[in-house]
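Please open the model in a viewer and keep the selection panel at hand.

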Amino acid sequence: MKPQNHHTLPDGWEMKRLGEVIAELESGSSLNSFDRKIQHGEIGILKVSAVSGCKFTPSEHKTILPKESHLARINPRKDSIIISRSNTPELVGHSAYIHQDHPNLYLPDKLWQTVLRKGAEVNSMWLSQSLASEEMLRRISTIATGSSNSMKNISKEKFLKFEICFPPLAEQKQIAAVLGTWDRAIEQSAELLKTLRIRHRGLMYRLLTGQVRLPGYVGEWRHIEINEIAREVSIRNRHDLPLKVLSCTKYDGLVDSLSYFGRKIYSDDLTTYKIVSKGQFAYATNHIEEGSIGYQSRYEAALISPMYTVFSTDSSVEDTYLYYLLKTDRYIQEYRRNMVGSIDRRGGLRWGDFSKIVVSLPTVDEQRAIANVLDASLREIRQHEAKLEALREQKRGLMQCLLTGQVRVPTEATA
């Protein structure tokens with residue numbers, strides 16, 4: 001929240017420096033560790049990734065070497081706040097409320113933990129919400145220092161000098177309760193989304209391998225090389241047609257490059273770019289091992305970097321089925337194996353090697369039925385993604401209203 005003139009504060013609110021309510025910012029130690037989860041009788045040290053998106057994830061830890069266990073000193077404590085004092089520019093200053101004690105975990109030197117002053121009129125959950133507000137994170141970013149673009153640091157002295165608006169304690173508790181309700185809804189929605197994604201991956205594996213057949217379909221599948229059902233297409237934009245430029249992403253396939261990245265990352269000269277028509281595939285020749293393969297279904301024609309390979313299939317293939325198949329982990333591993341073993345010294349996975357990869361194809365009707373099931377599963381995921389983003393947006397709006405006093409919540413004193 002922005003510092004406000006004391007005369008414009010909501011009735012009963014006051015400005016305080018964080019140092020007036022926080023007695024100490026404890027920090028842990030830098031310890032040698034195994035990069036695995038703790039087992040029975042072991043202790044762990046948190047990774048900086050344990051605090052991300054203003055959420056605490058205790059599973060993000062490493063196992064402390066036994067010979068250094070005596071150096072571990074600060075446990076995450078219930079009703080305290082952990083703050084990332086050293087992190088990437090996007091995550092530095094992120095914080096999270098701790099709901100329970102974690103006696104087997106310890107803080108690293110890059111995380112702080114709050115110790116509130118005795119008698120301070122402050123509710124920890126409310127303070128956590130305040131520190132997580134977009135305005136507070138923006139202010140924290142202004143004091144972050146560091147010559148590297150990958151890591152930034154904040155100092156205790158500057159952090160504790162920040163002023164924020166403090167409502168009365170009773171109102172703090174009510175605000176925390178309201179925002180906590182949204183947090184729980186967001187968490188439940190995120191967990192459901194995680195479950196749906198796991199189910200979708202399971203469906204893909206079972207249906208695309210033939211482990212499970214849809215009702216009414218029998219018969220053997222064909223196992224053939226891609227070159228038997230597809231051909232490479234390489235048409236350049238020699239006439240400089242003003243077509244949409246696409247990029248290929250790991251998760252979303254082909255996307256409008258300008259909209260996706262928010263800036264122009266492609267060349268001014270588009271005459272060397274390849275035309276990818278509706279109903280054609282394209283993959284990043286040098287980066288397909290990341291899963292960067294897409295299917296062009298949005299535009300009659302668009303452009304793709306000359307560093308991509310474009311191909312089209314014949315009538316024995318339901319393209320949506322093949323797209324799902326080629327995006328599976330199994331085929332990503334296949335791309336990696338073929339890139340390592342390629343005799344093409346130019347690098348990447350060019351059509352000659354890619355087209356020799358074997359795919360499993362049932363009849364076109366069964367391919368279409370499988371694609372329809374996976375499409376329905378994916379639509380459900382997209383609906384829940386939209387719901388989750390709506391909940392997050394609602395919470396952002398609530399934080400802006402409640403943490404600044406634009407909207408007041410009733411307490412027993414005001415009811």
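Select helices α1 and α4 to begin: α1 passes α4 in a left-handed crossing, a crossing being left-handed if the near helix is turned anticlockwise from the far one by less than a right angle, and right-handed if clockwise. Helices here (H or I, at least four residues) and strands (E, at least two) are DSSP runs, numbered from the N terminus. The model is predicted, so that local features need pLDDT of at least 70 and side-chain atom pairs count only at pLDDT 80 or more, while totals for chains, interfaces and linings use all residues. Residues are numbered from 1 along each chain as its sequence is written, and side-chain values use heavy atoms, with hydrogens and water left out.

Helix α1 covers residues 124–131 and helix α4 residues 169–208; their axes come within 8 Å and cross at roughly 65°. Axes are lines fitted to C-alpha atoms, for helices over the stretch in contact, and angles run from 0 to 180 degrees between N-to-C directions. Display the side chains next: Met 125, Trp 126 and Gln 129 of α1 meet Gln 172, Ile 175, Ala 176, Leu 179, Gly 180 and Asp 183 of α4, where contact means heavy atoms within 4.5 Å. This contact of α1 with α4 comprises 5 nonpolar, 3 polar and 1 charged residues. In this classification Ala, Val, Leu, Ile, Met, Phe, Trp, Tyr, Cys and Pro count as nonpolar, Asp, Glu, Lys and Arg as charged, and the others, Gly among them, as polar.

On a 1 Å grid over the protein atoms alone, a pocket is an open set of points where a 1.4 Å probe fits, with protein on both sides within 12 Å along at least five of seven lines, and lining residues have an atom within 4 Å of a point. Grid points are joined across faces, edges and corners, and a volume is the space filled by probe spheres set on the points. Select Gly 53, Cys 54, Lys 55, Asp 183 and Lys 395, the closest to the centre among the 40 residues that line the largest pocket. Which helix supplies the largest share of the lining of the largest pocket? It is α4, with 8 residues. At least two lining residues each come from β6 (55–56), β10 (95–97), α1, α2 (134–143), α4 and α9 (364–402). By class, the lining of the largest pocket has 14 nonpolar, 14 polar and 12 charged residues.

Stay with Cys 54, in the loop between β5 (51–52) and β6. Its phi is positive, about 60°, although Cys 54 is not a glycine. Most residues other than glycine have a negative phi. Is Cys 54 buried, exposed or partly exposed? Cys 54 counts as partly exposed because its relative accessibility is 28%; buried means under 20% relative accessible area, exposed over 50%, and partly exposed in between (1.4 Å probe, protein chains only).

Select His 94, in the loop between β9 (86–87) and β10. His 94 counts as buried because its relative accessibility is 11%. Not counting residues up to four places away in sequence, His 94 touches Val 51, Ser 52, Gly 53, Cys 54, Ile 82, Ile 83, Ser 84 and Leu 137.

The second largest pocket has a volume of about 1300 Å³. Of its 40 lining residues, the closest to the centre are His 200, Met 204, Tyr 251, Tyr 323 and Lys 327. Contributors of at least two lining residues each include α4, α6 (319–326), α7 (329–341) and α9.

Two of these helices, α6 and α9, pack at an angle of about 65° with their axes 8 Å apart, and their crossing is left-handed. Thr 320, Tyr 321 and Tyr 324 in α6 meet Gln 367, Ile 370, Ala 371, Leu 374, Asp 375 and Leu 378 in α9.

Select Asp 240 last, in the loop between β16 (230–233) and β17 (246–249). Phi of Asp 240 is near 55°, a positive value in a residue other than glycine. Leaving aside neighbours within four places in sequence, Asp 240 is in contact with Leu 270 and Thr 271.
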